[in-house]
Amino acid sequence: MKSDGEYDPKLEPSLSHDDLLKLYRFMVLVRRLNERLLSLQRQGRIGFCVDSSGHEACQIGSTFALTQEDWLFPYYRDAAMCLVKGLPLKSLMDHIYSNAEDSSSVGRQLNVHWSSRENNIVSSSSCVAGHLAHAVGAAYAMKYKNEKLVCLTSFGDGSTSQGEFHEAMNFAGVWKAPVIFLCENNQYAISLPERYQTASKNIAIKAEAYGFDGVQVEGNDILAVYKATKTAVDKARAGGGPTLIEAVTYRHGGHSSSDDPTRYRSKEELDYWKNRDPIRLFKKYLTKKGLISEQEDLKIAESVDNELMSAIRASEKTPKPALKTLFTDVYSEMPWHIKEELDEATRG
Amino acid sequence: MFTQKCRGISRKNLTKLQEDSPETLALITMVQAVNAALRQEMRGNENVVAIGEDIGREGGVFRATAGLQNEFGPQRVIDSPLGEDAIIGTAIGMSLYGLIPVVEIQFMDFVYPGFSQIINELAKFRYRSGGQYAPRVVVRMPYGGGIKGGLYHSQSTEAFFTHTPGLVVVSPSRPYDTKGLLLSAMRSSDPVIFLEPKRIYRTVKEEVPEHDYTIPIGKADTLLQGDDVTLLSWGAMVQTCKETVSLASKEGISVELVDLRSLLPFDIETILSSVRKTGRLVIAHEAPKIGGFGGEIAAQVSERAIDSLKAPIVRVGGYDTPFPYSLENSYLPSPQRVLDSVRKLASY
């Protein structure tokens, strides 16, 4: 996609107008969500948040290539992927508020670890790259059971330095597992720029060593990300094995609400990337296609704001999880020593 | 070798079984019992798969999985690439998709590249996902010294795992329990760390039923009744302790020998009822004493039965040094070293 929204028709994926508008609405929703969360965090109304502004194209475009039955193994910056995969906004917000209705985690995990059995969104830990092998294993099981499903797992550029990245990629290659590795390369692992993370000329090339395809894609171009992912998904589903996709993007905010990015990157750099904002780019494309007017854009913004406000209001008034939930779900049945502690904690 | 006083299946019952159907018993070693349990469960449940280094073509370095790949094929008995992290990580992923993987870690000493997968992922999945995702993975690990293996083929680090809520930790000391506990482990809804004392893999033979039976997790076994001192142990040290009991009985000291079998959760009732009878407790394990699991048992007994104690609780452990190569027999608690403590307590 050119900066004016012009698209080479040969590269354009075949998506219906409804789908294109759906993608755009997700992008706006997630951008507004991020703005709102940071403000709630600064007001002390939520404990923590992780900004994904800038990542909308790579997260939404990639997940849109999955079916409901496919599995998603996201990391902590991937609220958008969870929404696209089917997690209701209310559930997303209940987890952010870590309240009694938090079905992702019952208030147990730091509040950026969404999961949903119903939507095949798998819980992750905060230890980066630990979930990649889970995706490979689940993909192995899908193949073992002769089911034509795929796993998509996402991670940041920092994760590619972990041994777990290497092992998961290696196992996936040997097994020809139907798994797609999506590296959201936002060029910083907290404060560390990519050039200090790897001497490799890019991340996609690493796939070559594991015997499968690696592709680098413009991560701010939602259609390019969708297309690359769809190609990888189709290949995996047909038995062609894994793909590594490197989506090059930029995080507009800090690593998290506890981070100050002005300590490690310049305003000029940020401005450069904000000029390549994935939402602005996609809006130009839709405008050129005659699919959206300024007025319709305002309407979308208004409707997502209303949706966000009602989710926030509902989640905010839901109480914290009951004390008992501190002790449940450790085992399938509560053993005697935890039962004793539960009794002690809840006595009188 | 075990005597007629062995519990679990008494000599009388064995004889009865033999009379009922003489072909149902086999005189086998512990490593054969592991193999028998795996084979039996894999025949009965096609979701059970085995994964590890060299477990297929070679049948495992200890031959615990000998013949399984021939019977069940390379997709079910998986010769994995070398990498403990991904072995455990992919096993978790397989389990999330409905398989029941039984992992073999070649030596317990090699598990640490996969430690985060066990501690941060496997043990916490159920809890952190509010019960939505609960991997059923059995991690088998040959452990302990006495095979001339040096520092990295000899350690007993069960306390790392007993210190981790969410894990079940078991360690049998005889073929009968090995088969029954491994069958229980593969049917458990919780992740199980299954510790196999490799020193006695082939030194203890026992008649084991060929039919299906389980030993409940969480139950200790009082192998020998006694009145003066309770001697508690697990794994290979149970064999050592049996010799101690014989030596003690020659000196007129009656020792009650308890095989803990399950370390987490452990059978506090059996321990307490024995200690209330004898008033004296010696805990023997191969692991270094400081931070060893014996300390936890000692603390639990002190908190609950201090009034019954006639003497301090004593631990006999490996020394608080790394595990040595040439002096391993000096490192491992001998029957005589355990006897010294038993004697000291009896005359306290």
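Let's start with what counts as touching here: two residues are in contact if their C-beta atoms, placed from the backbone, lie within 7 Å. This is a predicted model, where local features need pLDDT of at least 70 and side-chain atom pairs count only at pLDDT 80 or more, while totals for chains, interfaces and linings use all residues. Residues are numbered from 1 along each chain as its sequence is written, and chains are lettered from A and ligands numbered from 1 in the order in which they are written.

Take chain A and its open sheet of five strands, in the order β1-β2-β3-β7-β6, with parallel pairing. Helices (H or I, at least four residues) and strands (E, at least two) are DSSP runs, numbered from the N terminus, and two strands pair if DSSP finds at least two bridges between them. At the edges of the sheet are β1 (71–73) and β6 (213–218) of chain A, each pairing on one side only. On average, neighbouring strands here are turned by 20° against each other, direction ignored. Inside the sheet, β3 (residues 179–185) and β7 (residues 243–248) of chain A run parallel to each other over six bridges, and Asn185(A) sits opposite Val248(A) in β7(A).

Now for the helices on this sheet. α5(A) lies across β1, β2 (151–156) and β3 of chain A, at about 170° to β2(A). Angles like this run from 0 to 180 degrees between N-to-C directions, with axes being lines fitted to C-alpha atoms, for helices over the stretch in contact. Helix α8 (residues 222–237) of chain A also packs on the sheet, touching β3, β6 and β7 of chain A, and its direction makes about 175° with that of β7(A).

α5(A) turns up again where the two chains meet. That contact takes 38 residues from chain A and 37 residues from chain B. On the chain A side, α5 (132–144), α6 (163–175) and α12 (336–346) give two or more residues, and the largest share, 10 residues, comes from α5(A).

Leaving aside its neighbours within four places in sequence, Val136(A) is in contact with residues of both chains, including Phe171(A), Val179(A), Thr90(B) and Gly93(B). In the largest nonpolar core, which has 200 residues, Val136(A), Val179(A), Val282(B) and Val342(B) touch the most other members. Such a core is a set of buried Ala, Val, Leu, Ile, Met, Phe, Trp, Tyr and Cys residues joined through C-beta atoms within 7 Å; a residue is buried if 20 or more other C-beta atoms lie within 10 Å of its own, exposed if 12 or fewer, and partly exposed in between, with C-beta atoms placed from the backbone.

Over in chain B, there is an open sheet of five strands in the order β9-β11-β10-β13-β14, with mixed pairing. β9 (221–224) and β14 (314–318) of chain B each have a single partner strand, so one side of each is left without a neighbour in the sheet. β9(B) pairs with β11 (residues 255–259) of chain B in the antiparallel sense over three bridges, with Thr222(B) opposite Val258(B) in β11(B). Helix α11 (residues 293–305) of chain B lies across β10 (229–233), β13 (281–288) and β14 of chain B, at about 155° to β13(B).

Finally, chain B is divided into domain 1 (11–209) and domain 2 (221–346), with bounds that come from an automatic or database domain assignment. Their centres, taken over C-alpha atoms, are separated by 25 Å, and the contact takes 27 residues from domain 1 and 24 residues from domain 2 of chain B.
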